[in-house]
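Let's take a walk through a protein model together. Have a look at the sequence and the 3D view first, then read on.

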Amino acid sequence: MAERSVRWGILATGGIAAAFAADLVDLADAEIVAVASRRRESAEAFAERFGVERAYGDWESLAADADVDVVYVATPHAAHRAAAGLCLEAGRNVLCEKPFTLNLREAEELVALAREHGRFLMEAMWMYCNPLVRRLKALVADGAIGEVRTVHADFGLAGPFPAAHRLRDPALGGGALLDLGVYPVSFAQLLLGEPDGTAASAVLSPEGVDLQTGAVLSWESGALASLHCSIVGGTAVTASVTGTRGRIDIPSGFFHPDRFVLHRDGRDPEEFTADPADGPRTSLRHEAAEVMRALRAGEKESPLVPLEGTLAVMRTLDAVRERIGVRYPGEDAAGDGVTARVG
């Protein structure tokens with residue numbers, strides 16, 4: 001792709017779509033050319049807010065818009081398979097919000113569609129694109145703390161969320177695990193790869209979604225990850241990685257940190273802080289910039305957020321759900337069946 005502005009389409013108009021659009025506006029080489037919602041008035045209001053030329057009252061029109069280089073899918077995750085699949089089949093490149101899909105089966109279908117149509121596809125796991133998280137990963141890979149032995153990570157919201165809220169609605173893929181737990185799982189697998197074993201326990205709501213879940217992942221290397229997510233209690237949202245020769249602590253907001261501390265045996269602690277030039281810690285610009293870099297390079301997936309890594313995380317999330325007994329409408333008894341399409 002030539003060095004012109006990358007033209008984005010935004011599919012859905014909720015809070016995360018607005019946050020992403022606000023960060024795109026700040027990137028000189030990005031342009032939002034179209035937005036779509038099932039409610040035309042929502043699309044038009046979004047277009048007016050962000051100076052977008054075209055507003056569509058259906059997804060199909062956005063998917064068919066040949067002026068769009070890449071579509072950012074920002075629907076609730078129960079609709080990711082339908083929305084991203086529609087765009088890929090129409091020949092659009094796609095950045096799809098996390099969790100990538102409801103289950104592994106849907107994720108595999110999207111990856112197959114991207115490869116069949118020769119399109120770029122990436123999960124919007126912005127943590128993987130964060131410069132400070134990338135620095136942490138590099139330190140671990142370089143052996144700064146020796147061989148990794150344990151990973152701890154938590155993400156919990158205080159709530160309470162009423163039964164009608166999307167986080168408690170099975171039809172919308174509700175529960176703590178997919179919405180919040182995807183971050184601790186993705187963090188552990190960023191450092192250790194796909195686990196060899198999974199154990200989990202949860203407290204379920206009357207609707208059948210998980211209110212809080214604890215999971216222990218294990219690797220043949222002897223490494224363990226202790227992970228927790230909740231929609232009934234606000235946690236510290238911290239993470240730590242312990243190795244045979246040291247430890248790294250992220251004291252808050254581990255998936256978008258502003259600092260972390262490296263403890264190495266026999267040395268004073270070293271603090272690593274975010275570069276102010278990288279923008280606020282909540283910025284989504286880094287994942288957008290990675291998408292645009294990959295498109296210009298002609299790549300079909302990002303090395304920072306590879307599709308096989310996304311599938312591996314979905315396998316783990318499926319395994320956890322199998323152990324805690326959470327099923328969504330349309331899934332088979334194994335938890336990885338084809339889910340009902342949200343059209």
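**A walk through the sheet and its surroundings**

In general, strands of a sheet pair through backbone hydrogen bonds, and they can do so in parallel or antiparallel fashion.

Now zoom out. β9 and β10 belong to an open sheet of 8 strands, in the order β8-β9-β10-β7-β11-β12-β13-β14, and the pairing is mixed. Which strands sit at the edges? They are β8 (197–204) and β14 (270–273), each of which pairs on one side only. As you step from one strand to the next, the twist averages 10°.

Helices pack on this sheet too. Helix α7 (residues 131–141) touches β7 (148–156), β12 (246–250), β13 (259–264) and β14. The direction of α7 makes about 15° with that of β13. Helix α10 (residues 307–324) also packs on the sheet, touching β8 and β9, and its direction makes about 55° with that of β8.

Next, let's follow the backbone into some loops. Between β5 (93–97) and α5 (104–117) there is a loop that holds P99. The peptide bond leading from K98 to P99 is cis, with omega near -10°. Another cis peptide bond links G159 and P160, where omega is about -5°. You'll find P160 in the loop between β7 and α8 (176–192).

A12, in the loop between β1 (6–11) and α1 (15–25), has a phi near 105°, which is a positive value in a residue other than glycine. Is A12 buried or exposed? Its relative accessible area is 12%, so A12 counts as buried, the cut-off being under 20%. V237 lies in the loop between β10 and β11 (239–243), and its phi is near 55°, again positive in a residue other than glycine. V237 is buried as well, because its relative accessibility is 12%.

Finally, how far can you trust all this? Remember that this is a predicted model. The mean pLDDT of the chain is 94, and 96% of its residues reach 70 or more. Over residues 333–343, though, the pLDDT is below 50, even if this stretch has 36 contacts in the model beyond near neighbours in sequence. Where pLDDT is low, the predicted coordinates should not be read in detail.

How values were computed: Residues numbered from 1 in each chain as written. Predicted model: local features only at pLDDT ≥ 70, side-chain atom pairs only at ≥ 80, totals over all residues. Heavy atoms only, no water. Pairing = 2+ DSSP bridges. Helix = DSSP H or I, 4+ residues; strand = E, 2+ residues; numbered from the N terminus. Axes fitted to C-alpha atoms, helices over the stretch in contact; angles between N-to-C directions. Contact = heavy atoms within 4.5 Å. pLDDT = per-residue confidence, 0-100. Buried < 20%, exposed > 50% of the residue type's maximum accessible area, 1.4 Å probe, protein only.
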